[in-house]
Amino acid sequence: MEKINNNFTKIISLVLAVILWIYVIYTENPASEIWVRGIPIVLQNVDVLNNKNLSLLDLSKETVDVKVRGKRLSLAKLEPRDFTAAVDLQNINKKGEAVLPVNIKSNVSNVEIIKKTLNTVTCQIEDIILREIPIEVKTSGEVSDGFVVSSIECEPKTVTVKVGESMANYIMAVTDEVILQDASGNINTVKNVKIVDGSGNEVLVISKNLENVSVRIDMNYQKEVKVTADVINMDKNPHFDVEIAKITPQSVTIEGPISVVKDLQEIKLKQIDASAISEEEVEAVPDLPQDVKIVGQKKFTIKFNLKQK
């Protein structure tokens, strides 16, 4: 019986302790202190600095921690975004190193900042320069069978950027991707222009003189056709009886606008007058329609059988 009474007394004591703790926390709400860590440092008057043709290259620290005092319930809800840590750049007038104060304020009432891990930060300042950069049109995907990309152009062809001098030689200008997958005709579109580093990561610049460009991608069609010869006056050679033995190559791949190429079944070599032939092999030149070209092949020959008369 005595043991039961002891256990009951302990339970009652525990309940009373919890009630007292709740009372103190939620009714009395005593003062306390905590650290709030990772408050981002905000740069003020960046535009003023840029108007002096100066740019921030590096900041020695990007976050700051503060110790604060306040009511326990208020402190329990605090986050880094409840504070503003600012560095003002407006009084910087030349490139180099600048040590600036970090001004921190609480955005929550009844919270006092009593300590901070940073009083100043070191800024590295550099000159801003203008650079004109050629724009590269980015593409992805494969065009339809038989088609090939013949040309890719954009207008304007360059973008002018304001950028810190340390980055000037390490940036490129590219468009958002043009999707070529299964394309079977010319593409005309407008694409955004972004500035990237050598790894393709986007780089923030002070300014650029355009946001997008017009892109034109022209397509050609390819097909294999027969090669034929146009030889005249084979019976009028005074020294030889002339016969065509072989044309090399016998077929080639041609490329050009589909409206021209799709109906071509052969290409002819430019006319050769056999009345003056004295060698068994003659180099020939293909006679191509306008805007049509040969893919790969560089040399054409006609071999003749020549029999002395």
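Trainee: With which residue does glutamate 136 form a salt bridge, and how far apart are the closest N and O atoms?

Mentor: The partner of glutamate 136 is lysine 138, and their closest N and O atoms are 3.4 Å apart. This is a predicted model, in which local features need pLDDT of at least 70 and side-chain atom pairs count only at pLDDT 80 or more, while totals for chains, interfaces and linings use all residues. Residues are numbered from 1 along each chain as its sequence is written, and side-chain values use heavy atoms, with hydrogens and water left out.

A salt bridge here is a side-chain nitrogen of Lys or Arg within 4 Å of a carboxyl oxygen of Asp or Glu. Glutamate 136 is partly exposed at 37% relative accessibility, and lysine 138 is partly exposed at 34% (buried is under 20% relative accessible area, exposed over 50%, partly exposed in between, with a 1.4 Å probe and protein chains only). Salt bridges with shared partners also join Glu33, Lys67, Arg69 and Glu112 into one network.

The count of salt bridges comes to 12. Among them is the pair of lysine 95 and aspartate 127, at 3.7 Å from N to O. This pair links distant parts of the chain, 32 residues apart: lysine 95 is in the loop between β4 (83-88) and β5 (96-101), and aspartate 127 is in strand β8 (residues 120-136). Strands are DSSP runs of E with at least two residues, numbered from the N terminus. Lysine 95 is partly exposed at 46%, as is aspartate 127 at 27%. Another salt bridge joins the side chains of lysine 208 and glutamate 211, at 3.4 Å from N to O; lysine 208 is partly exposed, at 24% relative accessibility.

Moving on to a sheet, three strands form an open, antiparallel arrangement in the order β18-β25-β22. β18 (240-248) and β22 (281-284) are at the edges with a single partner strand each, so one side of each has no neighbour in the sheet. β22 and β25 pair antiparallel over 4 bridges (strands pair if DSSP finds at least two bridges between them). Glutamate 283 stands opposite threonine 301 in β25.

Lysine 299 is in the loop between β24 (293-294) and β25 (300-308). Beyond its neighbours within four places in sequence, lysine 299 is in contact (heavy atoms within 4.5 Å) with Thr248, Pro249 and Glu283. Lysine 299 is partly exposed, at 48% relative accessible area.
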